[in-house]
Amino acid sequence: MRCPYCGSTNTQVKDSRPSEDNTTIRRRRVCADCGGRFTTFERVQLRELTVIKRSGRRIPFDRDKLMRSVQIALRKRPVEPERVERMVSGIVRRLENMGESDIKSETIGHLVMEALKGLDDVAYVRFASVYKNFREAKDFEALLGELAGTEGENAEADEAAAAED
Ligand SMILES: [Zn+2]
């Protein structure tokens, strides 16, 4: 596994343990070259999913991208990472269980809203306001991309909503 900090492939697993619900293995890794520490998750994938964007374009479903959008909505909220992992896994499991390998991007947005509603009110409002503002004008995938693009900057989801192309 390549180090996300320095790009070295000289990394080692320090610790492996299953998540609380035993659906994932979490591995703590350390880079021998820069000392950077990071965590990877190993999980079951039942089905290859394709996202159908509003434009009709098809892209492979990307769990990490979904996770980034969720994390932006949850920025600075007191929610344990394990719960967020479980929520995202639950969404992915539901998508896989729909029996279709093609999923509309809008369907994913609805599931995320539903799940956030149960997890954190503030994150739900953030996500829902962005989602609803954009659904008329733009493809939801474009929104997810923009949200992901603001990661690490000091931008809130609603600021992203206000931004025009
Ligand atoms: Zn490194």
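**View 1. Helix α1 and its buried residues.** In helix α1, which spans residues 63-73, the residues Arg 63, Leu 66, Met 67, Ser 69, Val 70, Ile 72 and Ala 73 are buried, where buried means under 20% relative accessible area, exposed means over 50%, and partly exposed lies in between, with a 1.4 Å probe and protein chains only. An α-helix has 3.6 residues a turn, so residues three or four places apart point the same way. Helices (DSSP runs of H or I, at least four residues) and strands (DSSP runs of E, at least two) are numbered from the N terminus. The model shown here is predicted, so local features need pLDDT of at least 70 and side-chain atom pairs count only at pLDDT 80 or more, whereas totals for chains, interfaces and linings use all residues. Residues are numbered from 1 along each chain as its sequence is written, and side-chain values use heavy atoms, with hydrogens and water left out.

**View 2. The whole chain, for orientation.** The chain has six helices and six strands, and from the N terminus on its elements run β-β-β-β-β-α-α-β-α-α-α-α. Of its 165 residues, 42% count as buried. Among the contacts in the chain with a separation of 6 or more, 54% come from residues 24 or more positions apart, a contact being heavy atoms within 4.5 Å.

View 3. Strand β1 (residues 11-18) and strand β2 (residues 24-31) run antiparallel and are joined by seven bridges; two strands pair if DSSP finds at least two bridges between them. Val 13 has Arg 29 in β2 as its bridge partner. Five residues lie between the strands of this hairpin, in which Asn 22 takes a positive phi near 60°.

**View 4. Thr 24 in strand β2.** Thr 24 is found in strand β2, and because its relative accessible area is 5%, Thr 24 counts as buried. When neighbours within four places in sequence are left aside, Thr 24 is in contact with Arg 17, Pro 18, Ser 19, Phe 41, Glu 42 and Arg 43.

View 5. The SG atoms of Cys 3, Cys 6, Cys 31 and Cys 34 coordinate the zinc ion at 2.3 Å; donors are N, O and S atoms within 2.8 Å of the metal (3.2 Å for Na, K and Ca), and water is not among the atoms, so sites may look incomplete. The arrangement is tetrahedral because the four donor atoms subtend angles of 106 to 115° around the zinc ion, and four donors count as tetrahedral if all angles lie between 85 and 135 degrees. Along the chain, the donors follow the spacing C-x2-C-x24-C-x2-C. Cys 6, in the segment before β1, and Cys 34, in the loop between β2 and β3 (37-43), are 28 residues apart and link distant parts of the chain. Cys 6 counts as partly exposed because its relative accessibility is 39%, and Cys 34 is also partly exposed, with a relative accessible area of 39%.

**View 6. Asp 33 in the loop between β2 and β3.** Asp 33 lies in the loop between β2 and β3 and, with a relative accessible area of 51%, is exposed. Not counting residues up to four places away in sequence, Asp 33 touches Cys 6, Ser 8 and Asn 10. The C-alpha atoms of Asp 33 and Thr 9 are separated by 8.9 Å, although these residues are 24 residues apart along the chain.

Technical notes: Four donors count as tetrahedral if all angles lie between 85 and 135 degrees; four count as square planar and six as octahedral if opposite donors are over 155 degrees apart and all others between 65 and 115; anything else is irregular.
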